Each structure stands twice: as C-alpha cells, then as structure tokens.
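Visitor: I have a new model on screen. Show me how to read its features, one at a time.

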Amino acid sequence: MSGQRSFFARLCRYYLLFTAGFAAFLLALSVLEQEGMPRAWIGYLFMLVTITLYATIGVISRTSNVTEYYVAGRRVPAMFNGMATAADWISAASFISLAGGLYLNGFDGLAFIMGWTGGYCLVALLIAPYLRKFSQYTIPDFLAARYGSGTDKRGASVRVVAVAATIIVSFTYVVAQIYAVGLIASRFTGVDFSVGIFLGLASILVCSFLGGMRAITWTQVAQYIIILVAFLIPAMWLSVKHADNPVPQIAYGKVLPQLSAREHVLETDPKENEVRAIFRQRAQSYQARIAGLPGSWEQGRLAAQRQLDHLRQRNTSLFDIRNAERYLIAYPKSPDEARVLWQAAQAQNQKRAEPIIPHAQPFPAADREQSDIKRNNFLALVFCMMLGTAALPHILMRSYTTPSVHETRVSVFWALFFILLIYLTIPALAVLVKYDIYSALVGTQYTNLPTWVSYWANVDKLSPLISIVDVNRDGIVQLAEISIDADVLVLATPEIAGLPYVISGLVAAGGLAAALSTADGLLLAISNALSHDIYYKVVDPSASTQKRVTISKLLLLAVAFIAAYAASQKPADILSLVGVAFSLAASTLFPPLVLGVFWQRANYQGALAGMLAGFGVCLYYMLHTSTMLGGTPDGQWLHIAPISAGIFGVPAGLAAAVLVSWLTPAPGRRSTGLVEHIRAPE
C-alpha cells in the first residue's frame, strides 16, 4: 500500500512538472508571436514539440514484458487511469466534430453527448468491475473463458468471432482518428492531406509499438492535459467576449436567447430568402437533369464542349478558358456517374434552400409526422451510442490496468469526471461560435472577409472545409452563402474568435492529442486481439512471451498502415464513421458481454448466435440504407437513419442469444462458476 502511495505521489510530481513546462512553452510561443514569428513556424513547433513529447514517453516506457505490454502491469492508479481513459475516449469525433455537429444540427446533435455520457455509466455499472475480476488481457479472452474453457473448441469459436468483431469495430473507428490527424497536420504544416496522415501515423506508432499499454497509458495522461487546456481556453475566451463570464456553461444560458433572436432576424431577411430561392432553383434544375437522363447528360457534355470551343475562338482570357477546361474534365463520364453526382448536388442545394432551423428547437420539421421521425432517430442514436460505448474493446481494456476491482470502480468515476469537463463545455462552445458567426461574419462585405476563411478553404481544394460564395452577387455575406464542415469548426474557433494564432496551434495540438490517444488504444486493441487471442491462444499456445509481444508489434504496424491508407481515401466525415463503429459494437459485442455477466444460462451457442445475428442485421441495414455504402433511404425501417442501425442489431443479437441458449444444453459448471465468481461481493 505504501508503495502504491509512493508511486501515485511520484506520478503527481511528474505531471505537475509537465503541466508547468507546457504552460511555459505556450507563454514563450505567445511572446515569439508578438515579436513577429511567422504563423507557419508556430504550427511546426506545436506539431514537433507535442509529437516529440509523446515519442519520448513511448521510448522511456518501452517494454517486452507481456503484462506491461498488454495491461500496463495492472498498477495504474485510479485517477491516472481515469485521465488515460478520458483521453482514450475523447476522440477526434468528440474534440473536433461534436461541437460542429451541434452547430449544424442544433438540439438534435445532443444525441451524441447524451448517448456517450450515458454509455459510460453503463460501463461503470454493467461491465468494467466484472472484467477486472476476470484479470485477463482482452475482451475476447473474457468471452472465450465465459462461454468455454478458453482453449477448447467452444471457447476458440467464440474467441475467433469476438476477435473479428473487435477488428471490424476498432478498424472503422481508427480510420476516423487517422483522418483527423491528416486534417490537422495538413492545415497547420501546409503538407498534403495524405502526407499529413502518415506524419501523424509515425507518432501513433512510436507509443503503441514500443511500449504497448504501458506507453499508451502514460502518454494518454499527458494528452488529456493538453486536450483539456486546448478545449477550455477558446471556450472561456468566447464566454468572456459574449457574456462577460469566463464559465462557458453559464454563458450558454445568456447567449442562447440572443442567438434565437438573431436567428429570427435572419429568417425574415429578404436577402437571405433570395439566396435560399436561388439554391432551390438549382436543386430543381438538378432534379430536371436527373429526370432527363441519359439525354440530359449528352446535352450537357456537348454544351460544355461548345462553350470551351467558343471561348478559344474569341481569344477570351486564359482564366475563363482554364475554368471551362476544368468544368469539361470534371463533367461526369457516363450517365450513371452523372446520376450519382447530380443527386448529391441536388440534395446539397435543397438542404441549403431550407429555412433556418432554430438552434434550441427540438426535432424541427415541416409537420408533426416529420418531427416524430426526427425524435425517433434522436432516441435511436442515443440508444446506439450508449450500448456501443459499453461494448467498445479499447475502452473496456482499460478495466484490466488498475491494481484492484475497487480501483477500477474509482477509475470509472474519475474517467466520467474528466470526460464531463469537456462534454459540458461542447454545447456551450457550439452556441458561442454560432452566435459569433451569425452576428459578426454574416453581413460582412466580401472585400473584408477575415483571413481564416481563405486559410481553411485551401486545406482541401477538392472538397473545401469552408466555402463562402456570393450567390446573389450583392457583395454582402448572407448566412445561406456560408458552408462550414462540422470537422473544422473547433479547429477554426480561435481564428473565428480573434484569438492569437498561438491558440490556434494549441487547439490543433489538442485535436491531434485526441485523435492520437484514441488511435493508439484502438490499434493496440486490434493487434492484441490478433497476437494474443488468435496467434497465442489458437495458433501457437507454446509461443514465448517475447515472441508474443514481437508478433503484436508487427501486426500493429501492418494494421496501422492499412488504416492510414483507408483514411487517405476520405471515406466519410468523422462523426459518421464513428457512429458506424458504435452501432456495430453495440450489435455484436454488447449482447454476449452483458448476458455473460448477468445470465448464467447463456451458453457458447447462444453467444455465437447473438454475435452473428446482431452483426448481420446491423450490417444488412447499413448496406441497404446508407448512400455512402451503396444503399438508398427508401429501404429504411421506421425511417431510422443507417447510423442508428444498432437499434435493430442489438435486439436481434439479444433475442438470438437468449433463444439459442434456451434451445441448447445449459453451460457447464465451469462457466456458471465463473459468473458466480465475477458477480460475488468484493
């Protein structure tokens, strides 16, 4: 006990020194900025210093010991495990995209916050303490032992399916994190997006490759400190600016009515309605072109070619000729491609033609039926986020790293506390930024646009993250003319608020820390599942500890590069990818986990049936309803969006597990004894 207290005190000293050193670094950069240091150098310094810091911790924490590599030696104090878990949990979706989702969707965006916070309560009550009593390394370990002996055919079959589920869920999630790394690196260093992804990947690998869970844990504690500081400073600045109060949660209550009043003014502005009418006409034009396929495609191609020939014959300016050439090159190559592109353009223009949605209004819609559909989707999303949280392998793995079951329970409390410091600030930040844009940017002359608009517009020229175009050509910015990607709002907040550029670098460092901390945990979950659960438990049970760790490191490298390649293809926005991962986790892993703890009658046939049925239903629904995956919204059940496919997958998984368990022989004494052991009072 005295050794634990001494270890805890030593950690406190180290991280207090780290915090003081980071504060001094910020102060030094602020002074250098005042002295005229170029912005690019500030971005480089933030990226270099933070990545070097994480790499240093990774090198210091390197290990080949199995227990240290897989579960950090089971000696992480509760408070520090809570900080590491919070950093693991506050991913790029939470740090970068969540406030942007609230900005765009208003009240409806709260589903993520409610679901993720509630889900962590489920982790505390239903899963984490019981896993710690089991004292193994991975989630498939628990399921294999609970539903078999861990090494027999029953345990092996459950283990293999659980490993497959872990890989699919974690891989989908990690692609979103690496995408965010590329976004941040490309903005603040000026490198190409794909290059930025592989630069960030180097930092991820140094920590997870060298030291496994041991290095990741101590790196994540440092990353949480950076995340917290980076998120709170801009929010507190905007709070003081708009509410004369440094507490964002209090400022939220004062600014929200002001935002509502501003929304009402803009809603009745004739210029706003003029712009929305133009977008409506464009949507109708695309609809007509779609209806006229394939003839409209051929006519459009010939018209583009004639326009280019006409400009060349008249010796028009090179600028106009180049634009015409680009238009012809980008023109769809076939009627089928035209249909896909024009449908997307039609939907985008139709969305921008819609009236302003009041931020505080729940489930806004044209009629009661549509409002009910939005409400049902809100509740379905909360459900999926909650149960997905309670089944995420990289989060549940942290239950194994504390010294005792009691420490695990305390650790979950600390994790929830540290998460809420961020989550209670996110809604306030969204409202503060929205009010700033609505009152300061809207109505600005196009000749006086702030410089941050052009910075962010050039990060990705193929799909601009920010676009402001004078649609009605009056020289004044209207709200409908502003298009902001949800993934960029938080990163651009310091510039929107008029803060020094050093704070922009700080926020980028925070976003990078959030993405890297989660990516580390996810990659380790995948590589451990492959090396420990497949290679060691199934393929070569006699493998030495050194060989097991080496195999894990090699697999981690392979998975990391595959995930980086997938992220470079920009498969979807961050929040959508994360939502897919949560629905899959809830549908596949939640049923066998919760039944394995609380129902002795559950057997391995039921566990297999539950995982396969839940995954199958969830994946089927996504494939048939998500336009991103080739489906159509026409196939939706009860009008539920594909991101909430878990609302069907979880009941299917639970029903299959229960039904098959009842129809097959009861589990042996060993399995029921394990349930009695993990549920016994401490």
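Visitor: Which residues form a nonpolar patch on the surface?

Guide: First, a caution: this is a predicted model. The patch consists of Leu619, Leu623, Met628 and Leu629. Together they have about 310 Å² of accessible area.

Visitor: Where does Leu619 lie?

Guide: Leu619 lies in helix α25, residues 604-625. Its relative accessibility is 31%, so Leu619 counts as partly exposed.

Visitor: Now salt bridges. What is the general idea?

Guide: Side chains of opposite charge can pair when their charged atoms come close. The cut-off used here is a side-chain nitrogen of Lys or Arg within 4 Å of a carboxyl oxygen of Asp or Glu.

Visitor: How many salt bridges does this rule give?

Guide: The count comes to 13.

Visitor: Which residues are linked in a network of salt bridges?

Guide: Glu68, Arg75 and Arg214 are linked that way. Take the pairs in turn. Glu68 meets Arg75 at 3.3 Å, N to O. Glu68 also meets Arg214, at 4.0 Å, N to O. This second pair links distant parts of the chain. Arg214 sits in helix α9 (residues 193-243), Glu68 in helix α3 (residues 66-71), and they are 146 residues apart.

Visitor: Is Glu68 buried or exposed?

Guide: Glu68 counts as buried, because its relative accessibility is 14% and buried means under 20%. Its two partners read otherwise. Arg75 is partly exposed, with a relative accessible area of 31%. Arg214 is partly exposed too, at 22%.

Visitor: Which residue forms a salt bridge with Asp141?

Guide: Arg159 does, with the closest N and O atoms 2.8 Å apart. Arg159 belongs to helix α8 (residues 153-189) and Asp141 to helix α7 (residues 139-147), so the pair ties together parts 18 residues apart in sequence. Both Arg159 and Asp141 are buried.

Visitor: On to helix packing. At what angle do α10 and α18 pack?

Guide: The angle is about 40 degrees, and the axes are 9 Å apart. Helix α10 covers residues 248-267, and helix α18 covers residues 426-441. Their crossing is left-handed.

Visitor: Which residues make the contact?

Guide: From α10, they include Pro248, Tyr252, Val255, Leu259, Arg262 and Leu266. From α18, they include Pro427, Val431, Leu432, Tyr435 and Tyr438.

Key. Residues numbered from 1 in each chain as written. Predicted model: local features only at pLDDT ≥ 70, side-chain atom pairs only at ≥ 80, totals over all residues. Heavy atoms only, no water. Patch = residues over 30% accessible without salt bridge, like charges linked within 9 Å, V, L, I, M, F, W, Y side chains within 5 Å. Areas by Shrake-Rupley, 256 points an atom, 1.4 Å probe, with all protein chains shown as cover. Helix = DSSP H or I, 4+ residues; strand = E, 2+ residues; numbered from the N terminus. Buried < 20%, exposed > 50% of the residue type's maximum accessible area, 1.4 Å probe, protein only. Axes fitted to C-alpha atoms, helices over the stretch in contact; angles between N-to-C directions. Left-handed = near helix turned anticlockwise from the far one by under 90°. Contact = heavy atoms within 4.5 Å.
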